[in-house]
Amino acid sequence: GIIGNAEALNRALEVALRVAPTDLSVLVTGESGVGKEFFPQVIHAYSARKHNKYIAVNCGAIPEGTIDSELFGHEKGAFTGAVEARKGYFEEAELPHSTQVRLLRVLQTGEFIRVGSAKVQKTNVRVVAATNTNLQDAIQAGRFREDLYYRLNTVPIQVPPLRERKEDIFLLFRKFAADVAAQYRMPAISLD
């Protein structure tokens, strides 16, 4: 899923492949549309966990009131509509401050508590986070916990935008032209 041969992109891929066999947390950063979502997949595919479940979670798409339940699960009756106990992503993998505290605990100790429960659960997960937000600015503005940032940013990977890898434009054009040609059963257009 990653197309390109620019030095900065290759450097990011090399870091991903080197960190894959470890259990270190990784923070992938870059602008919207640079392909950050492929790096956690590469890391998973080359890790010792490759035969286990890979779960991608878009935390920005989960309403603030339900994110704790989505990540950590909940017990029956924990809130209106909780008609049965449900496992969260950590039992199966931009957060509010209260959730940041809980995520930090999971990263530090591997422990979490379902919403509405008092029982501590253990988990063995690896977190590879990706964001287009400047987290240093978010820390300064009080929107992101500094301790969580350093826990997630054990290994940073910066994905460069296409404007900084102009040599990859032809490769991407060729790939998109081939995809469209295959989709519409026609010959691929080419550049001279």
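Start with the crossing of H1 and H2: it is right-handed, meaning that the near helix is turned clockwise from the far one by less than a right angle. This is a predicted model, where local features need pLDDT of at least 70, side-chain atom pairs count only at pLDDT 80 or more, and totals for chains, interfaces and linings use all residues. Numbering runs from 1 along each chain as its sequence is written, and side-chain values use heavy atoms, with hydrogens and water left out.

**Stop 1: the helix pair**

Select residues 7-19 for H1 and 38-45 for H2. Helices here are DSSP runs (H or I, at least four residues), strands likewise (E, at least two), numbered from the N terminus. The two axes come within 8 Å and cross at roughly 40 degrees. That makes H1 oblique to H2. Angles under 35 degrees count as roughly parallel, over 145 as roughly antiparallel, 65 to 115 as roughly perpendicular, and the rest as oblique. Axes are lines fitted to C-alpha atoms, for helices over the stretch in contact, with angles from 0 to 180 degrees between N-to-C directions.

Now show side chains. Leu9, Ala12, Leu13, Ala16, Leu17 and Val19 of H1 meet Phe39, Val42 and Ile43 of H2. Contact means heavy atoms within 4.5 Å. By class, this contact has nine nonpolar, no polar and no charged residues. Nonpolar covers Ala, Val, Leu, Ile, Met, Phe, Trp, Tyr, Cys and Pro; charged covers Asp, Glu, Lys and Arg; the others, Gly among them, are polar.

**Stop 2: the sheet**

Switch to the open sheet of three strands, ordered E4-E1-E5 with parallel pairing. Strands pair if DSSP finds at least two bridges between them. E4 (128-131) and E5 (155-158) stand at the edges with a single partner strand each, so one side of each has no neighbour in the sheet. Neighbouring strands are turned by 20 degrees against each other on average, direction ignored.

Select E1 (residues 26-29), which pairs with E5 over four bridges. Leu27 stands opposite Pro156 in E5. H1 packs on this sheet, touching E1 and E5, and its direction makes about 150 degrees with that of E5.

Four bridges also join E1 to E4. Thr29 stands opposite Thr131 in E4.

**Stop 3: after H7**

Go to Arg185, in the segment after helix H7 (169-184). Its phi is near 50 degrees, a positive value in a residue other than glycine. Most residues other than glycine have a negative phi. Arg185 is exposed, with a relative accessible area of 77%. Buried means under 20% relative accessible area, exposed over 50%, partly exposed in between (1.4 Å probe, protein chains only).
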